[in-house]
Amino acid sequence: MQNLKKARLVLQDGTVYEGTSFGYEKSVSGEVVFYTAMTGYPESLTDPSYKGQILVPTYPMIGNYGVPVDDEENGVSKFFESDKIHCTAIIISDYSFAYSHWNSQKSLGQWLKEQQVPGLFGIDTRALTKKLREHGAMLGRIEFDNISIPFYDPNEHNIVAEVSTKEVVEYGHGKYKVILVDCGVKYNIIRCLLKRDVTIKRVPWDYDFTQEECDGYFLSNGPGDPAKCDITIKHIKKILTGDRPIMGICLGNQLMARAAGAVTYKLKYGHRSHNQPVMQPGSNRCYITSQNHGFAIDDKTLPIDWEPLFVNVNDGTNEGIRHKTKPFFSAQFHPEASSGPVDTEYLFDKFIENMEKGNK
């Protein structure tokens, strides 16, 4: 506890929060966002969709179960969502210096320092979250030693290009071949597909996959504004003229919508949690989902041959789309959610079923 350094979180409206460092000590800037999950900080920190963002968990105590051993299985980590921490920094209320878990190998603070990611504790995250809910997503910066840097807005940049794979990678030897368009894919998407007897060809965001032989296409999650992925959208437009099955998640949902001709827009403060309720139109069944996105589809702009597949119960925003006659569908939430919930993992089975039908 000795020699802990003080630092400041400065919001773009001039609001200042003083905290204590438990991570890497450097001044950084990004979009400040909150998320409401009670568990799963190793998965959240390694989620590429948080690229460029300063993460504010609303659950007060973080760090109590440390960081898991980085074992690998089928070519990807067993416990993380990518190969490194992607968020710019983490802001918490109470940091647990003592950690205990059967699979922990180090503290959260050690991990942040190794990955050169700042972390601050002792900040009133309830007050900070309330400000973000009322004002909307805000830019912020963490200042050490009064070193001020410019505010950075990740949504003004193509950060998908920064988190996407730089080369083609293949996984598995399954019955069906899937082209996975990596816009910042979470490893649990790969795990969920491999469990269902597929061969995955993971390709970069700007790779021309339109001439590839395959049984289906998968459009991954990823960070930032979908409008920045014009090359990916161009390629998706081409495969929409065919009839091979397509499934999209999160950013993949938005990219499919834009390729179909719909419009996307920025949400006030986004959906980032493990407990967002969604329903299918015409159904009384409610699913509890994990989400991480700052943009949404405007349902009113969907072409006539497309329809909403899910809707958010809290605010009525779009949570997925499907084509009325072709085997194309997507979800705005994360059916592969890790650390949960898993209410909607059945959507992967639906994707496999669509490929089975296409091969008969």
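Cys250 is buried, its relative accessible area being 1% (buried means under 20% relative accessible area, exposed over 50% and partly exposed in between, with a 1.4 Å probe and protein chains only). This residue sits in the loop between β18 (246–249) and α7, and its phi is near 60 degrees, a positive value in a residue other than glycine. Helices here are DSSP runs of H or I with at least four residues, strands are runs of E with at least two, and both are numbered from the N terminus.

This is a predicted model, in which local features need pLDDT of at least 70 and side-chain atom pairs count only at pLDDT 80 or more, while totals for chains, interfaces and linings use all residues. Residues are numbered from 1 along each chain as its sequence is written, and side-chain values use heavy atoms, with hydrogens and water left out.

The buried residues of α7 are Leu251, Gly252, Asn253, Gln254, Leu255, Met256, Ala257 and Ala259. After α7 comes Gly261, with a positive phi near 115 degrees.

Helix α6 (residues 230–239) packs with helix α7 (residues 251–260) at an angle of about 65 degrees, and their axes are 8 Å apart; axes are lines fitted to C-alpha atoms, for helices over the stretch in contact, and angles run from 0 to 180 degrees between N-to-C directions. That angle makes α6 roughly perpendicular to α7, given that 65 to 115 degrees counts as roughly perpendicular, under 35 as roughly parallel, over 145 as roughly antiparallel and the rest as oblique. On the α6 side the contact (heavy atoms within 4.5 Å) is made by Thr232, Ile233, Ile236 and Lys237, and on the α7 side by Leu255, Met256, Arg258 and Ala259. These contact residues divide into five nonpolar, one polar and two charged, where Ala, Val, Leu, Ile, Met, Phe, Trp, Tyr, Cys and Pro count as nonpolar, Asp, Glu, Lys and Arg as charged, and the others, Gly among them, as polar.

## Two buried polar side chains

Asn312, in strand β22 (residues 311–312), counts as buried at 2% relative accessibility. Its side chain makes a polar contact with the side chain of Glu319 at 2.8 Å and reaches the backbone nitrogen of Asn314 at 2.8 Å. A polar contact is a pair of N or O atoms within 3.5 Å; within protein, one must be able to donate a hydrogen and the other to accept it, and residues adjacent in sequence count only if both atoms are side-chain atoms. Leaving aside neighbours within four places in sequence, Asn312 is in contact with residues including His271, Gln276 and Gln291.

His86 lies in the loop between β8 (76–77) and β9 (89–91) and is buried, with a relative accessible area of 7%. The side chains of His86 and Ser82 make a polar contact of 3.2 Å. Not counting residues up to four places away in sequence, His86 touches Leu45, Thr46, Asp47, Pro48, Tyr50, Lys51, Gly52 and Val163.

Asn74, in the loop between β7 (72–73) and β8, has a positive phi of about 55 degrees although it is not a glycine. At 55% relative accessibility, Asn74 counts as exposed.

Lys6 belongs to strand β1 (residues 6–11), and its side chain is joined to that of Thr20 by a polar contact of 2.9 Å. Lys6 and Asp145 are 139 residues apart in sequence, yet 8.3 Å apart in space, C-alpha to C-alpha.
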